[in-house]
Amino acid sequence: MKCQIRKNLASIDVCVRQHTIQRLAICLAWLSVPSLCQTLPSSNPTSAATGQANRATPAQVIPSPEPLPKRIFGIIPNYRSHPSLKDSKPLTAGQKFKLAARDSFDPGTFLLAGAFAGIGQASNATPSYGQGMAGYGRYYGSTYGDFMIGNFMTDAVYPSLLHQDPRYFRRATGPTRSRLAYAVGQIFITHGDNRRTQFNFSEICGNATAVAISNAYNPDNRTASDAVGRFGIQLGVDMAGNILKEFAPDLYSWFMHAVEASRLTV
């Protein structure tokens, strides 16, 4: 009797082990199907391309960059900024002129012209303009003319002729020094409509042309050294603008986080 029971138990144990081994083999075979499908070449090129597209889809789902504010600190026009060169498309000539017009006729531009005109009058930069409200009006007209002509020359005329992109493409990441050097360097380096890196002829030639035109309505300071000084000021203002375009969104984000944190602590 005991021998019979032992035989039965042994046969049951063998059956159990056989079933277990079979199940493990089926599971391993099932798990190996995807890897085999990936390693074996597909005889149907359409299905292979579809599979590659399906596998690439998750990698291509990249969140779009946040839109940039149209005015920095609510005053300085920021229409020329773009979050990334990678996500940009070339502008047509009409779009470049529209961009220059938005920069020139933005209320912030009128406010900045008024501030610069006040500084010019206070320092008596152009004595022929005089003082008082009449003198301030002359300073204002001259300053605004410099802004408008500079905008159209650097944003529209030369970029259209030379097929260059007048926008500022933010780096947005990396060390502060690297981003600062990038912002300053964009005065001399830009991208063409073909997205290739080029010397920024539009910026240099545009500002030089604007300075030359300003001699027509500037009664004083028409010497070569004066022109070089105004040209340097134009480039310096544009450099400062690039730095603000690069770091202003970070300041906005930091400020909003600080406000939100203060609300939570109250």
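**Which helix axes come within 8 Å, and at roughly what angle do they cross?** In this predicted model, they belong to helix α3 (residues 93-104) and helix α5 (residues 132-162), which cross at roughly 165 degrees.

**View 1. Helices α3 and α5 cross in a right-handed sense****.** The axes of α3 and α5 come within 8 Å. Their crossing angle is roughly 165 degrees. Angles over 145 degrees count as roughly antiparallel. The two helices are therefore roughly antiparallel to each other.

**View 2. Residues of α3 meet residues of α5****.** On the α3 side, the contact is made by A93, K96, F97, A100, A101, D103 and S104. On the α5 side, the residues are Y144, M148, N151, F152, D155, A156, V157, P159 and S160. Together, the residues of this contact divide into 10 nonpolar, three polar and three charged.

**View 3. Three strands form an open sheet****.** The strand order is β4-β6-β7, and the pairing is antiparallel. Strands of a sheet pair through backbone hydrogen bonds. β4 (164-165) and β7 (197-199) stand at the edges. Each edge strand has a single partner, so one side of each is left without a neighbour in the sheet.

**View 4. β4 pairs with β6****.** The two strands run in the antiparallel sense and share two bridges. Q164 has G192 in β6 as its bridge partner.

**View 5. β6 and β7 form a hairpin****.** Strand β6 (residues 189-192) pairs with β7 over three bridges, again in the antiparallel sense. I189 has F199 in β7 as its bridge partner. Four residues lie between the strands of this hairpin. In the hairpin, R195 takes a positive phi near 70 degrees.

**View 6. Confidence is lowest in helix α1 and highest in β4****.** The mean pLDDT of the protein chain is 78. Of its residues, 73% reach 70 or more. Helix α1 (residues 2-39) has a mean of 43, whereas β4 has 96. Over residues 1-51 the pLDDT is below 50. Beyond near neighbours in sequence, this stretch has two contacts in the model.

Methods: Residues numbered from 1 in each chain as written. Predicted model: local features only at pLDDT ≥ 70, side-chain atom pairs only at ≥ 80, totals over all residues. Heavy atoms only, no water. Axes fitted to C-alpha atoms, helices over the stretch in contact; angles between N-to-C directions. Parallel < 35°, antiparallel > 145°, perpendicular 65-115°, else oblique. Left-handed = near helix turned anticlockwise from the far one by under 90°. Contact = heavy atoms within 4.5 Å. Nonpolar A, V, L, I, M, F, W, Y, C, P; charged D, E, K, R; others polar. Pairing = 2+ DSSP bridges. pLDDT = per-residue confidence, 0-100.
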